[in-house]
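Dear colleague,

Please find the structure below, handed over for your use. My notes on it follow directly after.

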Amino acid sequence: MDVKSAFLNGFLQEKVFLEQPKGFVDAHHPNHVYRLKKALYGLKQALRAWYERLTQFLVDNDYTRGSVDKTLFIKKNNDELFIAQIYVDDIVFGSTNNTKVQQFVDVMSQKFEMSLVGELSYFLSLQIRKLNDGIFITQAKYAKNLVKKFGLEKAKHYDTPMSTTLKLSKDANGKSVEQTLYQIMIGSLLYLTASRPNISFSVGVCARYQADPKEFHLSSVKRIIRCMNGTSNYGIWYSFDTNASLVGFSDADWAGNYDDRKSTSGGCFFLGNNLVSWFYKKQNSISLSTVEAEYIAAGSGCTQLLWMKQMLVNYGFNQGTNYQLADLFTKPLNATRFHALSRSIGICLVK
């Protein structure tokens, strides 16, 4: 559902004054100003005021706010579960009981002016297809428009977003290209990684050179877009036939960045056999060995796992100590270091 004119529903807690609009100045009090009691679009406080009003309303109606994600609202009753996720003025919600769904619609409609869209099929460029055995999420339409936007629909298609032997660097002697165009390409591709984790690494590497992109960097970005040309229908499959075990995988290169010799951490996380989260990040410090680089990557993975464990508690899934962190590239040299890490924070490491 969608909340109509959402920001106009927020009440301001601080004093905010507004000049009289031109053409509507009071002839008797031309120097007076208005004091706002409710939020307006354009105010910095508008978003916070709307969230506070909505939160208070839902809490008063026995919905529980998430302890980790403050835009998540839950109502539990025995084995029945209702979940609502707020995104500014859009609300995605569902329940194991259709009666709970209708109750939520009635409650919201009584307080706010709502527009009920129906079953979730398209949201923020994500296309959601619900099938008998699972849910398929893709950004096919967005990917096709992206290829067309940059005029590469007739270019040669690549099966992979980046060559395995390619090593990008600042390329100080290379010819500079238009910075704005390069940044637009990177921004468009970063949004596509929401359903395409296979391009996260390639896009992240290219994003490092937005300050002074060269022709070599631009050709690498175009290759990623050309890869999308033939794989636009790819996405993520979430199967209903799975379990609630949380498993994470981490890995790292060593001194993979040619410019500053910093390493790169990467990880992906599964709930059962479904991929639910992933990350890619250049490490903040220079690692002196592969052991140190892998150790830092494992630490980042553990941080994510602990956060996700707490998120699952809100959904009613208590992981206990049954969540695991597995290194994708474990070697005998660093196995002892990883086991020490896993014991120190209570995470079971598996090979």
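In these notes, a residue is called buried under 20% relative accessible area, exposed over 50%, and partly exposed in between, with a 1.4 Å probe and protein chains only. By that definition Arg261 is partly exposed, because its relative accessible area is 40%. This is a predicted model, in which local features need pLDDT of at least 70 and side-chain atom pairs count only at pLDDT 80 or more, while totals for chains, interfaces and linings use all residues. Residues are numbered from 1 along each chain as its sequence is written, and side-chain values use heavy atoms, with hydrogens and water left out.

Backbone and loops

Helices (H or I, at least four residues) and strands (E, at least two) are DSSP runs, numbered from the N terminus. Arg261 sits in the loop between strand S13 (246-252) and strand S14 (264-271). Although Arg261 is not a glycine, its phi is positive, at about 60°. Ser5, also not a glycine, has a positive phi of about 50°. The loop that holds Ser5 runs between strand S1 (2-3) and strand S2 (17-18). Ser5 counts as partly exposed because its relative accessibility is 39%.

Two strands are said to pair if DSSP finds at least two bridges between them. Strand S4 (residues 64-65) pairs with strand S5 (residues 72-77) in the antiparallel sense over 2 bridges, and a hairpin of 6 residues joins S4 to S5. S5 also runs antiparallel to strand S6 (residues 80-87), to which 6 bridges join it. Phe73 in S5 stands opposite Arg65 and also opposite Ala84 in S6. The hairpin of S5 and S6 has 2 residues between the strands, and Asn78 in this turn has a positive phi of about 60°.

Nonpolar cores

A nonpolar core is a set of buried Ala, Val, Leu, Ile, Met, Phe, Trp, Tyr and Cys residues joined through side-chain atoms within 4.5 Å. The largest one has 27 residues, of which Leu58, Ile91, Phe104, Met108 and Phe112 touch the most other members. Helix H1 (46-60), S6 and helix H2 (98-111) each supply at least two residues of this core, and the largest share, 7 residues, comes from H1. A second, separate core of 25 residues includes Leu146, Leu152, Val203 and Val205.

Ile128

Ile128 belongs to strand S10 (residues 126-130). With a relative accessible area of 14%, Ile128 is buried. Taking contact as heavy atoms within 4.5 Å, and leaving aside residues up to four places away in sequence, Ile128 touches Leu120, Ser121, Tyr122, Phe123, Ile135, Phe136 and Ile137. Its C-alpha atom is 9.9 Å from that of Ile236, 108 residues apart along the chain.

The second largest pocket

A pocket, on a 1 Å grid over the protein atoms alone, is an open set of points where a 1.4 Å probe fits, with protein on both sides within 12 Å along at least five of seven lines; lining residues have an atom within 4 Å of a point. The second largest pocket is lined by 31 residues, and Phe201, Val205, Asp253, Thr264 and Tyr280 lie nearest its centre. Helix H5 (200-207), S13, S14 and strand S15 (274-282) each supply at least two residues of this lining, with S14 giving the most, 5 residues.

Yours sincerely
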